[in-house]
Amino acid sequence: MNRKLPDPLTRVPTDEEPTATCPHCERPFRSVHARDLHVGERHESDATGTESERYERALETERDDLWFFHAKAVVGLGVTYAASVILYMVVLGGFL
Amino acid sequence: MSERSDGNRTRGAGRRAARAAVRAGLRLGPWPLGVALVGTASAHAGSLGGATASATVPTWLTVLTGGIVVGATFLFTTLLTDHDAMRGVNWWRVVVPTPAGARRGAVRLTRVVSVALLALVLVTGLVGPTTSTQNFALLFVWAGWWAGYTMTTYLVGNTWPALDPWRAIAGGLRWVAVALLGVGTSRRGDERSADGGVVTGDRFRLSSATIPERWGVWPAVVGLLALVYLEVVSPIGTNSRALAFVVAAYSVVTVAGALVYGRAWFDRVDPVSRVFATYGRVAPVQRDENGFSLRLPGTAATEAILPDRPGETEFVVALLWVTTYDGLVSTPLWSRLLTPIAQAGVPAVLVYVFVLLAGFGVFLGVYRLASRYIRERADTYVTVDEIERWLAPALVPIAAGYHVAHFLGYFLTLAPALGAVAVAPFGPPNTVVLVLPDWFGTVKLACVLLGHVVAVWVAHSLAFELFPGVLAAIRSQVPSVVVMVFYTMVSLWVITQPYVAPPFV
């Protein structure tokens, strides 16, 4: 993958042991899920077979969660739109 | 909405312009785009007053709608999660071929022109007419340069390094000192610059003095706050003699600084250069290793993280804050709040400086707090400082949008006067001002909103680069979007307020 931006600086608090670390670039992560995604995104060409599988599984989890999140976003957009229209109707109609 | 004169900078100038127009006699006539040249003060103010304000949509609803649009934009961008497609948009570019010879020739020409213009500003400032709308220095500096030229730095590209008259003077002085007087032993060193790979030397520096690294770009932050303070509390907006004096002082300091510290002066101290460089981050024309390239507006900011130096983030926050401050001190609310304080015997200039610094502190504090929440929500070990630095470029389109809203009308209003005076700076004719049509107020609001919409996209793109996966990147944006919604509403409120000259200064 074409990478243009540098890796961000990370700092692990002294009383904490990182849950997962990237085997390729040593970057620490708070969850195995994030590490798996990172390895797949940033080290695609160097990833081992297991790592690629883990990446696929992490993507699958993301897809499920994302579907739910998007459902909420679409409902949010619809409600916002409807509320705005009603608000304008009320204000421009002189009820307020 | 508003009877707001669009810029605060030459606050008296608009009104004087209107009076001058009356003296000039009425010149009614059609103008392209429905803009008319009118010559009465009341028409001028009344027309500006038309702004957004359809009589039926109250200000609070306009302001609320702005907040809703920004929030909805965020919800909409969460649906765009294909990272490769986002990069396809953000990395799209067309390389514009620029022969090196043509570029060098153009730069030499612009240097001569810019130094001549600086000289003309100083001379007309000192001996030119004192009427604001007939004085070349006042019109050129505030309407032409600070309003008009600044807009080109984010709408087109940052051309300041080529146009900067002080760079030209410093370079010329150094050449004279080295070639003719034999001062300084270092030749013009050829080295690769960190940003573009262009072979250049430090063509300004005569000494080996350096600015301490730990200061970072803080000198520029202090310089920016000081410049805006000076502009708000001093008469340089309407008094050409005072303006000429400030420009002369600025010239001496800048040229001396460049000769002592070299390029670092323009990179880390000179607030003017930094403002234009910062605005240039969102411009469609960018300079990189391949020469010039054309980008989609705002996308360049998704690729260039701020350098890891103290004060980089703070400068961007300061840029956003000073634009807001400038608008805030010319609202009726400010006058109402300041009057009792000033009457109680507190010197107004101290209140102005206190609010300038306190507001900057609040903006920094809110930005830092949002970055903390971002860190928590993204569940990451990336440091807060790093998050602040990564996401700061997303603030630039907001500042740019607010700047257009603030200055476009002001620039257009005074542009005919500037044109007329530029033709005959020493014997200026009577000038007229443009009166903008009613729908122009809506354009201003649209500019503020557009800035925020671009900012949401830039923040979205940067979050995807910063955090792995999709959900962490999306969730992390919620705190910054909440801040943006509030900031949009505050800036829209300021824009819709009638203009009142900052009192007691």
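I began with chain A: of its contacts between residues at least 6 apart in sequence, 11% join residues at least 24 apart. I count a contact when two C-beta atoms, placed from the backbone, lie within 7 Å.

This is a predicted model, so I note the limits: local features need pLDDT of at least 70, side-chain atom pairs count only at pLDDT 80 or more, and totals for chains, interfaces and linings use all residues. Residues are numbered from 1 along each chain as its sequence is written, while chains are lettered from A and ligands numbered from 1 in the order written.

I read chain A from the N terminus as β-β-α-α. Helices are DSSP runs of H or I of at least four residues, strands runs of E of at least two, numbered from the N terminus. The radius of gyration of chain A, over C-alpha atoms, is 22 Å, well over the 12 Å of the globule rule for 96 residues, so the chain is more spread out than a compact globule. That rule is 2.2 Å times the number of residues to the power 0.38. The C-alpha trace spans about 65 × 30 × 25 Å along its principal axes.

I then checked burial. Buried residues make up 14% of the 96 in chain A and 48% of the 505 in chain B. Buried means 20 or more other C-beta atoms within 10 Å of the residue's own, these atoms being placed from the backbone.

Next I turned to helix H17 of chain B, residues 395–423. In H17(B), 24 of 29 residues are buried. I found a kink of about 45° at B:Leu414, shortly before B:Pro416. The bend is the angle between axes fitted to the seven residues ending there and the seven starting there.

Methods:
A residue is buried if 20 or more other C-beta atoms lie within 10 Å of its own, exposed if 12 or fewer, and partly exposed in between; C-beta atoms are placed from the backbone.
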